[in-house]
Amino acid sequence: MKEAISEVSSLSHARQEELLRTLDPALAEDIERPRDHFRSLPALEKADGGVVMRFAPNPSGPLHLGHARAALLNDAYVRRYGGKYILRIEDTDPKRIDPTAYTMVREDAEWLGLAISDIVYQSDRLDIYYAYAQKLIERGGGYVCTCDPERFRELKMAKKPCPCRETSLEESLDAFSRMLEGLYGEGEATLRVRTDLSHPDPAMRDFPAIRILKSPPHPRKEACVYPLMNFSVAVDDHLLGITHVIRGKDHIANTRRQKYIFDYFGWEPPVYRHYGRMGIEGVILSTSQMRAGINSGEYSGWDDIRLGTLRAIARRGIFPQAVREAVIEIGIGETDISFSWENLYAHNRAVVDPVANRYFFVPDPVEVTIEGAPSQTAHALLHPAHPEKGTRDLHFTGKALVPRNEIREESGMVRLKDLFNVEIRAGGQSPVCRYAGESLSEARARKAPIIQWLPPEECVPATLLTPGETIKGACERLVAGEAGAVVQFERIGFARIDSVGDEGITAYFAHR
RNA sequence: GCUGCUAUAGUGUAGUCCGGCCAAUCAUGCCGGCCUUUCACGCCGGCGACUGGGGUUCGAAUCCCCAUAGCAGCACCA
């Protein structure tokens, strides 16, 4: 037996399969094919008949890269299995609502290209939550607690019940009505879900479901009794027919809590997947911290290019498709990861390179006279791979703007791209530049750098903004027609033309 | 403190469930070369990882135990 095994083992997989096919073709069909791993997400259980999923941000600010992961992952599964995708605005905490965020979230979701089929506002559903809260009490699953929160916490940690836990069903129902009538002050009464006080995880013990909030007022509704997310989410997930939930692992405990509610009502919970925490190099994702920075004037707004908001990266010329690919590549692993800009840029480069027109941008320009050079016109291609897009024509008439850092003692020969060769002798204040022929092959042979340049009378002042620095320079006039588009400044990198004004062009650097 | 999750190159990821051509995949990054009137794109080559220690086994990235590290939760936030 052993010999037989080692004999088979010594054969190659291909050979083994071949032999098996001759012995038992049916069995051979069962051989597991190596999964073609083109970045496909793992399959979801119970999803073959279609899914109903949701993206559930709270409207405290615009969407950022962290939201994009949740939104796009769920979106990818809805597209894969078919079904519905619900955008659920979780606005049950007036303290954390920025009224302008309602629009920003919708704009950002649209930018991402989410396949949203419905939008639901939780603030429209308060009566539903109240009704289910009553049912929960009737089923013995909840009680109104009027203890001091601090006191309750102590009891909970000691695995001891608070006095309210023993109140009768009727009393709890009455107390809950009084909550709704506004007879309690803020924090004076809370509906708790009855769980298991001896549960080893303190996070599970009689967690709160509904609380009273007198201020600030809700921007959309008049109310002072609001559900906590664990309650509203459980009720909504059931009522909206959510089948699968993909969310961050910070919700693992919430999932367990929500299961108590599902159990009390006899509902079947969705299938959950929790992905790991995602940090982003050099960027804060906390909405409150970003807001603080905006208020203090550190950032110019939600679309300040140093921020990780979607509007900020859009402004820099990152396309939603690149974000989608980067996020899908990351997947739903439970490991904590750090999101790398390099990976995002690589995806964006693939999106943008084939379509971005090429232009010259000369940073820190210095004007030089090129002695002995004939006037002539350079016909530079808008895109090297698409000659049919045409050319930008630059007329040379004796002078050129070139990047200051190309003029050095040791410069020697450089070639002005699409024009001719120039011999530079730096030394002192005024560099001397002399025409050195048209020969491209000579420039090659002498390893002359091929640099960008501009006719001084045909250029526009331009500012290139990167997250770290502001580069002043000049660019071709034609760039003015690219407002809103992403172009490639040759030898510099891709940039989005943000605005074209009297004082010149402003562009945001995307990446190399 | 209590509870839970995770651990593969600089980064992301495949493989882990069901141990075996895994001297570990793919991408990105970096380095070198080729191509090229851009330092872009494309092509070729190279660099670089199974957290540590025990155990089980003929055989462990894969199973078990311990340790370590990171993360999350224990909010009248979501």
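## A buried cysteine

In this predicted model, Cys433 is buried, because its relative accessible area is 2% and a residue counts as buried when that value is under 20%. Cys433 takes part in no disulfide, and the cysteine sulfur nearest to its own, which belongs to Cys459, lies 16 Å away.

Cys459 is likewise in no disulfide, its nearest cysteine sulfur being that of Cys475, at a distance of 8.0 Å. A disulfide is a covalent bond that links the sulfur atoms of two cysteines, and a search through the whole structure finds zero of them.

## Two paired strands

Strand 17, which covers residues 399-403, is mostly covered, since four of its five residues are buried. Strand 17 is joined by five bridges to strand 14, made of residues 365-371, and the two strands run antiparallel. Within this pairing, Val366 stands opposite Val402 of strand 17.

## Two helices that cross

How are two packed helices described? The description uses the angle between their axes together with the distance between those axes. For helix 6 (residues 126-138) and helix 9 (residues 229-239), the angle is about 100 degrees and the axes are 10 Å apart. The two helices are therefore roughly perpendicular to each other, because angles from 65 to 115 degrees are counted in that way.

Where they meet, helix 6 contributes Ile128, Tyr129, Tyr132, Ala133 and Leu136, while helix 9 contributes Phe231, Ser232, Val235, Asp236 and Leu239.

Notes: Residues are numbered from 1 along each chain as its sequence is written. Chains are lettered from A and ligands numbered from 1 in the order in which they are written. This is a predicted model: local features need pLDDT of at least 70, side-chain atom pairs count only at pLDDT 80 or more; totals for chains, interfaces and linings use all residues. Side-chain values use heavy atoms; hydrogens and water are left out. A disulfide is a pair of cysteine sulfur atoms within 2.5 Å. Buried means under 20% relative accessible area, exposed over 50%, partly exposed in between (1.4 Å probe, protein chains only). Two strands pair if DSSP finds at least two bridges between them. Axes are lines fitted to C-alpha atoms, for helices over the stretch in contact, and angles run from 0 to 180 degrees between N-to-C directions. Angles under 35 degrees count as roughly parallel, over 145 as roughly antiparallel, 65 to 115 as roughly perpendicular and the rest as oblique. Contact means heavy atoms within 4.5 Å.
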